[in-house]
Amino acid sequence: MNVTDLHKILNDEQLLGVTTTEGPVLILAGAGSGKTRVLTHRVAYLIEQGVEPWNIMAITFTNKAAGEMRERVNNIVGHGAEQVWVATFHSSCVRILRRFADRIGFDTNFSIYDADDSKSVMKEVCKTLNIDTKKIKEKRILSVISAAKDEMINEEEFARQNESDFRMAPYISAYREYQARLRSNNAFDFDDLILKTVELLKYDPEVRNFYQEKFKYIMVDEYQDTNTVQFELVRLLTGPAQNLCVVGDDDQSIYKFRGANIYNILNFEQHFPSATVIRLEQNYRSTKRILEAANNVIRNNEGRKEKTLWTENEEGEKIRFKQFDSAYEEAEFIAMDIKSQLRRGNFKYDECAVLYRTNAQSRILEEKFINENIPYRIVGGVNFYSRKEIKDVLAYLKTIDNGDDDLAVQRIINVPKRGIGATSFGKVADYARAEGMSFYAALMEAEEITSLGKAVTKITPFVEFIEDLKKRQKDFTIAELIREILDQTGYVDELSAEGTDEALARIENIEEFINKALIYQQENEAPTLSGFLEEVALIADIDRLDDDEEYVVLMTLHGAKGLEFENVYMAGMEDGLFPSYMTITDDDDQEMEEERRLCYVGITRAKQCLTMTAAKSRMVRGEWQYASISRFVKEIPKEIMEGSVWEKPKNDFIELFDAAPKKSFAEKKKEATKPTAAADYARLTRGSEIKKTDLEFGIGDRVAHIKFGEGTVENIADGGRDYEVTVNFDRVGVKKMFASFAKLKKI
DNA sequence: GTTAGAAACAATCCT
DNA sequence: TGTTTCTAAC
């Protein structure tokens, strides 16, 4: 495709982004301005100009983005596209380390530790160092270490910088010990994958030259979210020609807590003085009103590159806003509205997304979605691969793959129960430490550990089992290996004997996991156990989203970055939740600006329709909390908002409720407390206009609640439109509730 | 050594 | 409210 042809499908700025191939380029790409389009065509253009595909590297933020880019490049280029290096920061580093980790004292079959693994290691570290985890929590130490690693401060440098501060002493020794353990386990945590790669490139000119020569053209997506160590990595990979093209939007920088350094993008022109700067400000995604809302919110931020997005799209519907009495009603409304939109043929399920600030909010939404029989998929929360049963199976695989991985071995030594308890465990661990060997190596010579006594007879069969699998490993595919493990250990049998819903769900998860192994096997030319484990370790929640299935997506605002939907709901628009309580109390206005950017990201996900909802009260950790409408909502001009009165969806709501929701695992209890659908709807449409009704009870009266049972009224407070009643229930204790929907009966 | 039930505790967002 | 850790009894 020549430049004239390209001009037919790209605007002037986009074209410039595609064809400015030499030297450093900064593309400031506003939301929905077609940056993926620019990146993919840029890759295609480079190849057409005669650049070899293997000389091109594109770093993305998620595996999903990488996959999409690869697919789109494939469609334009025809052949050779698979040779382009398209990967995330983490998987790029793994690829480099798998090849050269031996140069920094690791074995190339290293394990990758996730957050759970890191925490287990840190627990051990605190135990050995006698650090009181009541005073300093493991999580706190880990986050200090992680922040240091983001800034490229290794354990020695950290010690040097903090030696004068006695309060830092435990952190210094913990950091040292933690790193020592990772090394002896032959493992990297997430941060080390990048930090160690940077160290490798820095101190090994041979490796550095190898990659600098390989990657003649580098592109980085979502550049505003890179941190210091990632910047350094990019800098080290970029050869003297400096053919580096970064794409990002400072207004969408939302990962400061993860070390993202916004100055990487704000100061790009200082880092690379010869840089060409290109601005993409035309939005192709959203309606005029949605964009106006976004612009009006984000312009309240001070530290940003001034720009205003514009669009030629149509005006569109007003932004809808609605406040409810409780999070339950909020969730109910969203579920029903989605159903009604579907019924009217406006949107299909997969065109709708519900976005929220915290994962905890997903629970109520999920409940209502089940009730209403709406297909949904929750992104985030408990990662599939961090479920207990999956981690158990993974630990077996890791033990077979990397015997030095103490963590994996220790996890499964007594799973399922083999009668090897804490005492034997401790004896083996002591022996391993004294002899300077790995835990598994100590198990192999259990006969030598005299203190074990009879316990040896429990250990030898385990070691024999693992050794047998190691030997026969090459005869199996990964899926077969997993089946073999499950058969021999009786893991699944045990679960099915248990027979509870939970156990059955675990079996299903294991089946799904085996499926993943099969898919991996099919999709890779040279599948290896290490390769599979690595893929599993680096998979993000968002990567598991399947675009072809029809379901509503529920996820955090962070998770939504880079995605778009026709119909978006932003739930929980309350001060204290979004922006979060911590942001409000903290007087650092940087934090508030980051929250605002997050809001901007949320708004700009919507193409056609945007609905914001809030609840006056919601249950947080067992307590009712009350909140007012988010300040961000108030930053949107009234003229483009449809306020608190909610329009009835024409005549279809009766029909809507005729389709009785199929009962799933939503408990019958819930069903019992559920008023009729019509009443539900009336209540929802009434929303914030609930009229005060005269109460039939007073303070001291006995009342009955449909779910909580009987109790005594302790207080009645005038809450404006409604009464807030405090009741001391016999069974469940004190609860606060609004009279109009608590439906309390005097007895 | 195992297990169940009580007590303690929890504060975003993520690779 | 939901999960993790501690304790006591089998």
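The charged end of Arg95 sits over the ring of Trp85, 3.6 Å from its centre; a charge sits over a ring if NZ of Lys or CZ of Arg is within 6 Å of the ring centre and within 35 degrees of the ring normal. This is a predicted model, where local features need pLDDT of at least 70, side-chain atom pairs count only at pLDDT 80 or more, and totals for chains, interfaces and linings use all residues. Residues are numbered from 1 along each chain as its sequence is written, and side-chain values use heavy atoms, without hydrogens and water.

**Charges over rings**
- Arg98 also has its charged end over a ring, that of Phe110, 4.1 Å from the centre.

**Aromatic pairs**
- The whole structure holds 21 aromatic pairs (Phe, Tyr or Trp rings, the six-membered one for Trp, with centres within 6.5 Å; planes under 30 degrees apart are stacked, over 60 edge-to-face, the rest tilted).
- The rings of Tyr211 and Phe215 are stacked, because their centres are 5.9 Å apart and their planes at 20 degrees.
- Tyr223 and Phe268 form an edge-to-face pair, because their ring centres are 5.8 Å apart and their planes at 85 degrees.
- This pair links distant parts of the chain, 45 residues apart: Tyr223 is in the loop between β6 (217-220) and α12 (228-237), and Phe268 is in helix α14 (residues 268-271) (helices are DSSP runs of H or I, at least four residues, and strands of E, at least two, numbered from the N terminus).
- Trp85, Phe100, Phe210, Tyr211 and Phe215 are joined into a cluster by ring pairs.

**Burial**
- Tyr211 is buried at 2% relative accessible area (buried is under 20%, exposed over 50%, partly exposed in between, with a 1.4 Å probe and protein chains only).
- Phe215 is buried, with 2% relative accessibility.
- Tyr223 is buried at 1%, and Phe268 is buried at 0%.

Definitions and conventions
Chains are lettered from A and ligands numbered from 1 in the order in which they are written.
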